[in-house]
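Trainee: Hi! I'm new to this one and would like a friendly tour. Can we look at it together?

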Amino acid sequence: MAVYICGFVLSCLFIKISESYKKNRILKSIFASIAIVIPCLIAGLRFYTIGTDTRGYIKPMFNFALNTENYIRYLNLSWQGANGIRHIDSFEKAFSLLVFVIASITKNFHLLLFVIHLLILVPIYSGLKKFKSLNNSKWLAMLIFYFMFFNVSLNIVRQYIGIAIVFWGTSCLLNDQKGKLKFFISIAIACLFHNSSILGLVIYFIYLMIGYNKNEKKVVVKISQYRFSLNTLVVMFLIIFSVLIINNASWIAKILDILNMGYYGNYINGDVHFVLSSIIELLPIAVLFLLCGKKFIKKYENSYFLIINYVLNYLIIQISSINPYASRIGYIFSIFNMVLFTEIINTFDKKISKAIVLFLLVIYLFTFWYYNFVYLGRNETIPYVFYNKLL
């Protein structure tokens, strides 16, 4: 447990130091690089039992790669896993190629684990840098990532590589003039690591629906004596639509089957009811939003985009009442909580108010982390165990 906390704090400290260098790009890059290497070392130096999928398929794939002459023959191999026979050619090609290349060249399993997290953390940090609203606050966004997502990424590594790449692509979409091409390229690359990354197209749909363009004139719709912005109506529509979809799980299964993710359909065969723990987790953020919601929406041009992603993930979590693995569908949306929570904190202008809210957020993040990963033992990442080269 102490390894994670110390690693998180040190990484954020080096990011904070990096942010203090405005003009010296060399020192800025050096400290940022150290910050990224620290959690990658935590990932790379762990024993193969840390993270359910690490021993479930990464270690077996690596062992096969060590003793296979070529990649084609490697793809034809299989083994008996805990849930049946696993075939290497059933895994996305970019991931299986990554394992094969590192095993063939270095024969070092822990270097593979280190590189995997480089592929997660570099796109995430690069994506955060594109949000001007996070100037001097990227350390906080990364702290949110560490407490909410890092332990999960030690388990479902393929999906998190895809999520990280899509996050980077989305940051380009929202902040670069020519970001659309980068976004679609990121989707294509991410799908080579995990096919659930195709859900990134939903992000593009949201982008289109809310008319994300700071140069556009805001559209106002009048209903009876009430006036609503088009973005507000879109949010309301998506919430109602999502509730209807969730209460008809068979619809979701059909949609996932069309997107070549039919295996997720097995997660949602049953009746949905609201998950109490998710409601409790939502309350602190809901209170913060009630305190500064209007100001937040006015201050940040990406506010509606972030709110919609948060709502979608929250609603998808309710499907976990059928199967706990179903919540994975929403991970690609929840990653934007890094930006959402940080921007909400930055909405508070007064130093005292901001310091109090920041303190409460840190308590919330630690409680979330402790409850999910220490108390419940999700993703099997705690206690942390360093690798033993004798085993």
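Predicted model: local features only at pLDDT ≥ 70, side-chain atom pairs only at ≥ 80, totals over all residues.

Trainee: Okay, is L98 buried or exposed?

Mentor: L98 has 15% relative accessibility. Buried means under 20%, so L98 counts as buried.

Trainee: And which residues is L98 in contact with, leaving aside its neighbours within four places in sequence?

Mentor: Those contacts are L112, V115, I116 and L119. Take I116: it sits 18 residues from L98 along the chain, and the C-alpha atoms of the two are separated by 8.8 Å.

Trainee: Nice. New topic: at what angle do α2 and α6 pack?

Mentor: Helix α2, residues 25–44, packs against helix α6, residues 109–129, at about 140°. Their axes are 8 Å apart. That angle makes α2 oblique to α6.

Trainee: Is the crossing left-handed or right-handed?

Mentor: Right-handed, as α2 passes α6.

Trainee: Which residues meet there?

Mentor: On the α2 side they include A32, I36, V37 and L41. On the α6 side, L113, F114, L118 and Y125 are among them. By class, this contact of α2 with α6 has 13 nonpolar residues, three polar ones and no charged ones.

Trainee: Where do Y21 and F31 lie?

Mentor: Y21 is in the loop between α1 and α2, while F31 is in helix α2, so the pair ties together parts that are ten residues apart in sequence.

Trainee: Are those two buried or partly exposed?

Mentor: One of each. Y21 counts as partly exposed at 27% relative accessibility, whereas F31 is buried with a relative accessible area of 18%.

Trainee: What about the pair of Y57 and F91, is it stacked or tilted?

Mentor: Tilted, with 5.0 Å centre to centre and 40° between the planes. Y57 is in helix α3 and F91 is in the loop between β2 and α5, so to speak a link between distant parts of the chain, 34 residues apart. Both Y57 and F91 are buried.

Trainee: Last one: which residues form an aromatic cluster?

Mentor: One cluster includes Y4, F8, F145, Y146, W369, Y370 and F386.

Technical notes: Residues numbered from 1 in each chain as written. Heavy atoms only, no water. Axes fitted to C-alpha atoms, helices over the stretch in contact; angles between N-to-C directions. Helix = DSSP H or I, 4+ residues; strand = E, 2+ residues; numbered from the N terminus. Parallel < 35°, antiparallel > 145°, perpendicular 65-115°, else oblique. Left-handed = near helix turned anticlockwise from the far one by under 90°. Contact = heavy atoms within 4.5 Å. Nonpolar A, V, L, I, M, F, W, Y, C, P; charged D, E, K, R; others polar. Buried < 20%, exposed > 50% of the residue type's maximum accessible area, 1.4 Å probe, protein only. Phe/Tyr/Trp six-rings, centres within 6.5 Å; stacked < 30°, edge-to-face > 60°.
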